Amino acid sequence: MSTSSSSSSIWSVSYSKLKFFSRIRRFLQSKAIRKGSYRSSSTSDNSNKLRTKDNNDKDEEDHQLVMEKESELDGSVVLQKSVNRLHFGSWEEKEMAAIAIEKLAKEDVKARKFMAELGVIHMLVSMVATEVVGRHRAAIKALIQLANGTSTNKALMLEAGILSKLPKDINVVDEQTRQEFAELLLSLSSISNTDFCPYKPEILQFLIGILESPCSFETKELCLGVLYNLSAVLENAGALVSNGVVHTLLNLSSSFKELSEKALAALGHLVVTLMGKKAMEDSSIVPQSLIEILTWEDKPKCIELSAYILMILAHQSSTQRDKMSKAGIVPVLVEVSLMGSLLAQKRAMKLLQWFKDERQAKMGPHSGPQTGRVPLGSPLHPKEAQEGKKMMKNLVKQSLHKNMEMITRRANAGGGGVDSSNLKSLVSKSLTF
């Protein structure tokens, strides 16, 4: 029994090795055939031209063809040796093989797909879990190149359990390793595959840990890109919100101008969901932080995104509009509606219209004498009611004119040369309450 069992095991290993090298042999033969057919057709097409060249040119061309053939053979040999070492070599040989595979995958798109068929991805994923820094970094770099431009390879990495290899504590890995992990996650998050989802705690734990730590700008930017891709799928909103992603993004958007645009873009995805909107409404820094972003004249895209989020929050919510009004949003919106980009102006005007309609609705039944509701014998005359409305209108105009003078002074200081009288006329016609 033991003799037959060991014999069966030996035959199994031998068979797998035979299969492995047969695949490599087919790959090398196909490359040689393609290269040979290309050269033969190229030679026949240019035969007349070659006859007219002198001996020196012919020798130079022959030398170039020889060099190309040697280079091709070298690449094929390197691939064969690297895959062999990755599967059957020592840890040091595996590390060197991963470095070689990274270089080959970077240079040859077809080689990426073929290497995946040879089981390279599963071996590299297993190397990521090693504690030796050089080994897991070499494996991560190779995986980044293998994932580039091929959804099949990305799916194989997820299937091999790459997400479970993420560091539980980002403080135990160096900055360069964190950045490489983030780059790989960004590539994987672009795949339309249900396997990459935020319900696996390793992903959000890693991303939020980096975004809330003093990591480099480049690493944080990569992590924001991952959150942006995840937030674009509505089904992911629940997991993102419940893990505190909204709070992290709000803090980043108001604290780091360089990262604000990507953070606001991800928030724009989440605010259209019930959970995302509720989380933003309950935040202590909303709407103040978003109103502050509207004043960033050097970040027009951030102004557009902030105005969009404020529109969603204010829509059909008098409570949120009241909070925004108390936070001083109206004068800021006036400025954006006059000096922002076209999209920002459109959104600011929409918000201002809502505030105008709401104020008129409040003034209608509650302020000033209403002729239909004045009791008999009231000393108030309709003429007095009209004068009260006129006085209120003038007060609002004066307030807007004051805001416009402030905007004009700021624009003139920046060399804009804005005409104060024209701006006042525009406001009087279109933005009176």
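Buried means under 20% relative accessible area, exposed over 50%, and partly exposed in between, using a 1.4 Å probe and protein chains only. These close-ups show a predicted model, in which local features need pLDDT of at least 70, side-chain atom pairs count only at pLDDT 80 or more, and totals for chains, interfaces and linings use all residues. Residues are numbered from 1 along each chain as its sequence is written, and side-chain values use heavy atoms, with hydrogens and water left out.

**View 1. The aromatic pair F181 and F206.** F181 is buried, and F206 is buried too. A search of the whole structure finds one aromatic pair. Its ring centres, those of F181 and F206, are 6.1 Å apart and the planes stand at 65 degrees, so the pair is edge-to-face. Rings of Phe, Tyr and Trp (its six-membered ring) pair if their centres lie within 6.5 Å; planes under 30 degrees apart count as stacked, over 60 as edge-to-face and the rest as tilted. F181 belongs to helix α9 (residues 175–189) and F206 to helix α10 (residues 201–211), so the pair ties together parts 25 residues apart in sequence. Helices (H or I, at least four residues) are DSSP runs, numbered from the N terminus.

**View 2. Helix α7 against helix α8.** Helix α7 (residues 133–147) and helix α8 (residues 151–159) pack at about 140 degrees, with axes 8 Å apart. Axes are lines fitted to C-alpha atoms, for helices over the stretch in contact, and angles run from 0 to 180 degrees between N-to-C directions. The two helices, α7 and α8, are therefore oblique to each other. Angles under 35 degrees count as roughly parallel, over 145 as roughly antiparallel, 65 to 115 as roughly perpendicular and the rest as oblique. From α7, L143, L146 and A147 meet N153, K154 and M157 of α8. Contact means heavy atoms within 4.5 Å.

**View 3. N153 in helix α8.** N153 counts as buried, at 1% relative accessibility. Leaving aside neighbours within four places in sequence, N153 contacts R112, K113, A116, I121 and L146.

**View 4. The cis peptide bond from V286 to P287.** Omega is near 10 degrees for this bond. P287 sits in the loop between α15 (274–281) and α16 (288–293). Most residues other than glycine have a negative phi, and most peptide bonds are trans.

**View 5. Q316, with a positive phi.** Q316 is not a glycine, yet its phi is about 55 degrees. The loop between α17 (300–314) and α18 (318–326) holds Q316. Q316 is exposed, with a relative accessible area of 71%.
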